Amino acid sequence: MFKFLKGVVGGSGTGLKDLPYNIGEPYSAAWGSWVHHRGTSKDDGAAVSIFSLSGSNAQDGHLAAGRNGVKRLRTVRHPNILSFLHSTEVETLDGSISKVTIYMVTEPVMPLSEKIKELGLEGTQRDEYYAWGLNQVAKAVSFLNNDCKLVHSNVCLASVVVTQTLDWKLHAFDVLSEFDGSNAASSGPMLQYEWLIGAQYKPLELLKSDWAAIRKSPPWSIDSWGMGCLIYELFSGVKLGKTEELRNTASIPKSLLPDYQRLLSSTPSRRLNTSKLIENSEYFQNKLVDTIHFMDILNLKDSVEKDTFFRKLPNLAEQLPREIVLKKLLPMLASALEFGSAAAPALTALLKMGSWLSTEEFAVKVLPTLVKLFATNDRAIRVGLLQHIDQYGESLAANIVDEQVYPHVATGFNDTSAFLRELTLKSMLVLAPKLSQRTISGSLLKYLSKLQVDEEPAIRTNTTILLGNIANHLNEGTRKRVLINAFTVRALRDTFSPARAAGVMALCATSSYYDITEVATRVLPTLVVLTVDPDSDVRSKAFDAVEQFLQIVKHYYEKTGSGGTGGDETSAVSSAPGTAGLLGWAMSSLTTKGKALEHVSPLATNSTAPLASVGSGGSALDTVSPPPLPGNYSPDLANHKAPPSPTSTDGWGELENGIGEDDSEKDGWDDIEPLENTKPPPALASIQAAQKRPVAQTKPQVTTSRLHNPVKTVKDEDEDLWGSIAAPAPKTQKPVSAKPSSATTANDDDPWAAIATPPPTTRARASTTTLANDDDPWAAIAAPPPTTRAKPLSATRGRGAKAAAPRLGAQRINRTSSSGV
């Protein structure tokens with residue numbers, strides 16, 4: 001039974017070998033006879049502090065006081081009191097001498113005296129940090145005196161330690177005891193271990209052992225005196241040697257001097273209560289204390305107060321001690337964001353503080369919080385994460401991005417907010433290189449396929465730019481199926497001129513991924529059409545691109561021999577040096593944040609300058625609104641037919657053109673369909689309709705006579721190979737005499753057809769009787785129908801005409817009779 005009680009009071013272990021902690025190097029300072037060691041946990045390697053106290057035998061007074069301190073520290077819990085973890089008592093034999101050691105394990109802390117030297121703060125920052133630390137110690141002392149009716153009895157510099165977050169905590173509870181002021185007649189000592197207290201720290205009544213006076217005094221009188229001793233040692237920088245040194249106030253701040261003097265009053269009843277010190281002292285009113293106090297009670301603040309505070313925090317953090325910001329404010333801010341008590345502007349402050357950390361510290365202290373924030377439903381926080389992704393995206397591990405970040409970011413592709421869709425698109429410039437090929441092919445490209453027909457022109461343009469930038473992260477098969485179809489079929493046919501210009505530039509930047517056959521049969525024909533584009537910037541870029549690709553083809557055949565076919569025509573060709581500028585232009589365009597999507601300007605018109613200069617000083621797509629496009633406007637490219645592709649067209653182009661090929665001929669790109677088949681809005685439907693417009697040569701407008709007498713146009717057996725990309729028919733009206741009549745067209749064997757009399761020049765439609773009989777020899781010279789607007793007789797009341805359909809509703813009948821009724 002004795003051993004059990006001893007274990008409960010003196011420790012929670014059975015021996016040093018059972019201590020689940022490793023004891024490390026000791027610190028140079030500690031309270032009393034204790035030795036303060038560094039330590040780590042044997043389980044997870046977490047840092048701890050281990051205090052050890054040794055005695056010659058189990059009845060040693062120091063050991064008895066130590067057991068009292070362990071028991072008190074285990075039972076008293078407060079944020080500003082050292083946290084207890086474990087304890088044990090070990091008895092060893094050193095020869096014939098028995099030695100008993102108490103081990104107490106706590107959270108990792110450091111003596112205050114050593115931490116002050118390590119920080120090296122001066123001036124205002126030192127005073128702010130001291131004010132915050134004294135505020136914490138005063139709260140702990142007030143809790144013991146006023147709430148628990150306990151007396152610490154030895155508050156001084158040695159009894160304060162500092163945590164890893166720079167919090168000050170009170171410990172050294174060996175002399176801690178209950179304050180018994182109800183029995184004033186008792187003559188026994190209230191403090192059993194008061195002999196452990198240094199004489200310089202004892203107030204006059206305790207130094208004289210006047211227990212009757214002590215019991216009549218308020219419970220805070222002894223510890224208020226100790227607070228005065230702590231303030232003196234803190235600002236003077238030396239350990240208190242004797243009580244008389246407390247009169248030297250030269251180092252005490254003026255704002256704290258009146259309270260310091262009241263703490264050290266010679267009359268115990270007049271000493272300042274530590275709770276009043278916290279509430280009324282002017283010294284504790286500074287930016288650091290106010291900031292940390294606001295963060296402590298953040299849950300009690302309303303949304304307006306939070307928003308105002310977090311918007312000021314980035315600038316305020318620059319004025320506070322850097323170490324305190326990184327070790328105290330940063331963890332508090334990260335925790336508040338993670339648990340939802342902080343507003344969205346707090347993310348800006350978190351990233352700014354995180355920029356002051358090293359790469360390793362940033363990965364440990366900030367990145368885990370950011371990864372968790374991607375799962376939030378708060379749209380404001382999601383916008384903040386995407387706007388600042390360039391600040392932390394490179395620090396994210398590839399597996400974290402692929403498994404934890406991207407699934408949440410991808411929801412922004414389908415968001416109803418165009419601004420959030422664009423931010424999600426731009427974030428892929430940073431995240432796409434870290435995605436696996438399975439995620440890129442199975443998810444990302446599907447979203448990009450949908451965004452290329454988005455109703456917002458800037459999103460369509462930036463999608464093309466993004467594809468050009470991430471092309472090197474696609475595998476070879478995906479590149480062949482996606483790039484040409486995305487750029488030539490969709491981008492170059494877009495009704496928005498900057499989107500067409502982006503398609504041209506993307507083709508140039510990715511020219512190394514196309515084989516010589518694709519360049520000659522698919523790229524060049526589509527680029528040549530854009531040389532007559534209505535937009536001057538598109539035309540300029542198209543000319544440059546045509547020249548570049550022609551040089552590529554020319555260089556290729558120069559290497560393989562003039563006109564020779566011995567080379568491998570399917571091998572990729574290298575891009576010209578002039579294409580390197582697109583990446584710089586696209587980068588600056590995609591990283592422009594905070595711009596609205598409603599106003600998008602054409603690309604820079606100076607096509608002779610390097611492309612990288614287009615994006616200098618901001619995005620060329622986010623500054624000026626484009627001129628309004630006519631309602632019936634469509635690019636000239638829609639009037640031309642592209643040559644058949646030698647490669648599979650089951651990618652982006654098939655989605656738009658509706659190419660009807662057998663499913664067995666598709667090579668995997670057919671699964672990349674838009675994710676949703678919902679009916680598009682009218683604005684989007686018009687865009688998709690323009691992109692779906694077939695590129696076949698439109699036939700000239702036929703006359704009415706041909707509609708009623710369809711005939712087959714006779715062509716040569718060998719069809720014209722250039723017909724698919726031939727220029728459209730001129731739009732100007734030619735004289736009617738130049739057009740052959742329907743009769744002459746219908747009969748190719750008529751030798752007189754070439755010199756037959758032309759049809760009448762009148763615009764009136766031919767009557768049905770003349771069109772019905774092509775064998776009538778008089779049809780060519782028949783008189784034209786009357787030019788009056790009256791309807792033909794056969795259409796109204798003529799003989800054999802059908803009765804008019806009855807009209808619904810009441811009708812007014814104007815009838816007259818011979819009788820005049």
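Tutor: In this predicted model, helices α22 and α24 are roughly parallel to each other, because their axes cross at roughly 25° and angles under 35 degrees count as roughly parallel. The axes of α22 (residues 476-490) and α24 (residues 516-529) come within 10 Å.

Student: Which residues in α22 and α24 meet?

Tutor: From α22 the contact involves K480, I484, N485 and T488, and these meet E518, R522, V523 and T526 in α24. Sorted by class, that contact of α22 with α24 has three charged, three polar and two nonpolar residues.

Student: Switching to pockets, what volume does the second largest pocket have, and which residues lie nearest its centre?

Tutor: The volume of the second largest pocket is about 730 Å³, and of the 43 residues that line this pocket, S113, L157, A158, E233 and K239 lie nearest its centre.

Student: Which element gives the most to that lining?

Tutor: That is α3, with six residues, while the elements giving two or more residues to the lining also include β3 (47-55), α2 (61-75) and α7 (221-236).

Student: And how does the lining split by class?

Tutor: The lining of the second largest pocket has 25 nonpolar, 12 polar and six charged residues.

Note on methods:
Residues are numbered from 1 along each chain as its sequence is written. This is a predicted model: local features need pLDDT of at least 70, side-chain atom pairs count only at pLDDT 80 or more; totals for chains, interfaces and linings use all residues. Side-chain values use heavy atoms; hydrogens and water are left out. Axes are lines fitted to C-alpha atoms, for helices over the stretch in contact, and angles run from 0 to 180 degrees between N-to-C directions. Helices (H or I, at least four residues) and strands (E, at least two) are DSSP runs, numbered from the N terminus. Angles under 35 degrees count as roughly parallel, over 145 as roughly antiparallel, 65 to 115 as roughly perpendicular and the rest as oblique. Contact means heavy atoms within 4.5 Å. Ala, Val, Leu, Ile, Met, Phe, Trp, Tyr, Cys and Pro count as nonpolar, Asp, Glu, Lys and Arg as charged, and the others, Gly among them, as polar. On a 1 Å grid over the protein atoms alone, a cavity is a set of points where a 1.4 Å probe fits but cannot get out, and a pocket is an open set with protein on both sides within 12 Å along at least five of seven lines; lining residues have an atom within 4 Å of a point. Grid points are joined across faces, edges and corners, and a volume is the space filled by probe spheres set on the points.
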